[in-house]
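Have a look at the sequence and the model, then try each task before reading its solution.

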Protein chains: 2
Amino acid sequence: MAPTLKDVAAHVGVHPSTVSRVLRGKENLKISAKTHDKILKAVKELNYIPDFTARALRMKKSFTIGLIVPDILNPYFARIARRIEQLGFEKKYTVIVCNTDEDQQKEILFLNQLISRGVDGIIIAPVQDSKEHIVDVIDKNIPLVLIDRIFEDINVNSVITNNAESVMKAVTHLVKLGHKRIAFLRGQKNIYTIKNRLAGYKEALKEFNLSLIDNYIVGEGFEFEDGYEATLKLLALPKLPTAIVSSGGDLVTLGAIKAIYEKGLKIPEDISIIAFFDSLYSPFLATPLTTITHYRQKIGEKAFKLLLKQIESSKDMQAKTICVDTKFELRDSTAKPKN
Amino acid sequence: MAPTLKDVAAHVGVHPSTVSRVLRGKENLKISAKTHDKILKAVKELNYIPDFTARALRMKKSFTIGLIVPDILNPYFARIARRIEQLGFEKKYTVIVCNTDEDQQKEILFLNQLISRGVDGIIIAPVQDSKEHIVDVIDKNIPLVLIDRIFEDINVNSVITNNAESVMKAVTHLVKLGHKRIAFLRGQKNIYTIKNRLAGYKEALKEFNLSLIDNYIVGEGFEFEDGYEATLKLLALPKLPTAIVSSGGDLVTLGAIKAIYEKGLKIPEDISIIAFFDSLYSPFLATPLTTITHYRQKIGEKAFKLLLKQIESSKDMQAKTICVDTKFELRDSTAKPKN
DNA sequence: TTGAAACAGACAATCGTTTGCATTAAATAT
DNA sequence: ATATTTAATGCAAACGATTGTCTGTTTCAA
């Protein structure tokens with residue numbers, strides 16, 4: 001079996017605690033250079049690898065953090081996760097990624113599982129069907145950071161993006177091109193980001209004195225099919241919109257594009273589209289998409305740093321909400337409307 | 001603090017071991033229905049959550065598996081990872097994902113870290129600069145499954161795809177269209193998959209009596225830039241290829257497309273391309289790509305099941321190598337050559 | 001009525017570390 | 001030469017579960 005501290009100690013003829021101290025390094029307890037060296041040599045020789053589990057139990061610190069997101073296949077969350085994992089690696093933390101698939105029950109299960117595993121902190125983009133389970137975690141004094149989606153009435157560290165503003169910018173762009181009938185392809189309704197994007201949409205319409213048409217707001221989920229069906233509905237209206245703002249991300253947008261093509265419409269000649277979309281692929285699409293892009297690495301970074309600070313500070317810190325900018329990337333999917 | 005077994009026991013007036021047995025359920029030790037119920041009630045009341053760390057230490061079983069891949073941002077690995085995580089969830093296993101960025105040193109570090117954390121098993125797509133560290137793990141009797149990339153001289157459970165054949169199919173398709181000058185955009189040289197794809201390429205050329213032109217084999221990595229630069233080199237040759245087989249995945253292929261467009265060439269009119277590429281985006285590209293697609297979920301599934309069997313079987317099992325098919329998806333990026 | 005079998009649960013060791021405290025030996029001060 | 005620091009290490013108790021063994025009751029057959 002794998003050698004333990006005791007084995008190393010026996011090999012050198014010294015007490016396990018001494019070995020531990022040498023390995024941990026810190027403490028002001030002095031160990032003679034001679035035993036110090038002998039121990040290190042023995043560690044090498046036996047190829048001793050410390051047992052994190054035992055250490056975690058004893059120290060009540062696991063050097064593990066949990067990351068709960070809807071779906072890591074979504075490039076948005078993938079990038080964020082990757083950055084968090086990267087930073088974690090630098091700081092000796094391991095990240096456990098959990099995918100909820102927008103399922104509240106799973107979220108609760110994961111949360112409990114993570115707590116059970118004694119994670120030092122949690123970063124979560126919650127499903128937002130309810131929030132009690134999140135509050136519970138916070139009450140347990142487990143460091144937690146919300147990303148992307150926050151509960152406005154909970155005082156907790158969070159990182160968000162400026163959803164409303166970015167949509168306003170998009171609508172403004174469209175209006176300046178001459179669009180008057182702008183639709184909003186939503187994504188899942190009850191999610192913070194979507195609600196805010198919708199709010200931005202409405203606000204922009206108001207600013208430009210455009211009337212809000214209920215039928216122009218469609219979409220109920222984040223999947224390809226959701227975008228496809230919603231857009232079909234949109235394109236079946238008597239009075240077609242001349243532009244669409246797609247706020248549901250990659251899958252929804254691809255679904256929308258499929259629907260548009262199927263109806264024999266062209267982008268941007270017949271219909272303009274601005275989307276929240278991954279910028280890696282968008283330049284290569286049939287019509288390179290004009291997009292709203294997130295600085296996803298930055299989001300991951302801010303979140304990790306907030307969490308780390310919270311983990312490392314003994315007294316509770318003042319909760320903070322950081323807002324990360326978005327970028328408007330003009331490509332070819334927007335043009336003047338025909339009529 | 002969080003209640004422990006002891007707290008629950010004290011609350012009921014019973015010994016911790018009894019609580020443990022009730023909670024674990026198994027064993028044939030009988031517990032009276034009365035205490036059984038009292039304990040469950042107390043567990044609810046105190047909101048007791050078992051400590052996995054302690055359990056793992058005692059049982060030498062962490063219900064954790066490690067997954068080491070080059071980069072989870074790559075949709076290929078993302079899908080595999082997602083499936084593994086999903087199956088893990090069903091079987092109560094947590095998955096720790098590590099990204100090596102094709103860096104051997106990182107791989108070794110991760111491997112040690114995972115072992116240190118006492119994972120029950122490891123699934124890995126190795127960097128393949130060397131293999132000693134992998135052999136070490138196997139020698140430690142830690143269940144391990146290789147995916148995507150194997151070492152042919154190590155006897156260990158693995159899941160691969162039929163690289164050579166799939167490329168042969170691709171080349172055959174091109175030859176039948178009339179292509180004679182087919183280039184091979186490689187990806188990183190020393191990787192098992194790439195070596196095999198290249199072998200398939202060569203074999204196919206031989207089969208059709210086409211001469212192997214060294215200059216037609218290019219590419220040194222898996223990044224966007226690698227594909228871009230390599231393709232530029234290709235397009236600077238006096239005698240241009242009429243088709244490219246891109247074996248390096250999404251990024252490399254996008255880089256290639258960029259280079260092709262920049263040179264003012266059209267796909268497929270001027271040059272055909274078949275790529276190993278994510279099928280979600282490919283239908284929507286400027287020219288929908290003809291692709292070789294992996295059943296990534298299946299790969300994840302096979303790998304997980306192999307690992308699980310290995311974890312659960314006490315005696316060592318016969319190592320197996322499973323090969324998963326690929327799918328050839330015909331779209332618009334291939335056509336007859338001009339001349 | 002007694003002895004054995006079956007029940008229900010307690011005890012204590014253990015997993016591999018870390019860490020406060022105690023102890024010894026050496027060094028320095030008085 | 002003795003008292004006092006200080007350096008270097010040992011001791012043992014945690015951390016929170018699991019599990020083999022032991023003990024004290026019942027139950028029931030003979």
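A residue is called buried under 20% relative accessible area, exposed over 50%, and partly exposed in between, with a 1.4 Å probe and protein chains only. This is a predicted model, in which local features need pLDDT of at least 70, side-chain atom pairs count only at pLDDT 80 or more, and totals for chains, interfaces and linings use all residues. Residues are numbered from 1 along each chain as its sequence is written, chains are lettered from A and ligands numbered from 1 in the order in which they are written, and side-chain values use heavy atoms, without hydrogens and water.

**Exercise 1.** Find what share of chain A is buried.

*Solution.* Take the 339 residues of chain A and apply the cut-off: 55% count as buried.

**Exercise 2.** Decide whether chain A is a compact globule or more spread out.

*Solution.* Start with the secondary structure: chain A has 12 helices and 12 strands (DSSP runs, H or I of at least four residues for helices, E of at least two for strands, numbered from the N terminus). Next, the radius of gyration of chain A is 26 Å, well over the 20 Å from the globule rule for 339 residues, so the chain is more spread out than a compact globule. The radius is taken over C-alpha atoms, and the rule is 2.2 Å times the number of residues to the power 0.38. Finally, the C-alpha atoms of chain A fill a box of roughly 90 × 40 × 30 Å along the principal axes.

**Exercise 3.** Describe the surroundings of His294(B).

*Solution.* First, locate His294(B): it belongs to strand β10 (residues 290-294) of chain B. Second, His294(B) is buried because its relative accessibility is 11%. Third, list its contacts (heavy atoms within 4.5 Å), leaving aside neighbours within four places in sequence: Tyr76(B), Thr161(B), Arg197(B), Phe276(B), Ile299(B) and Thr326(B).
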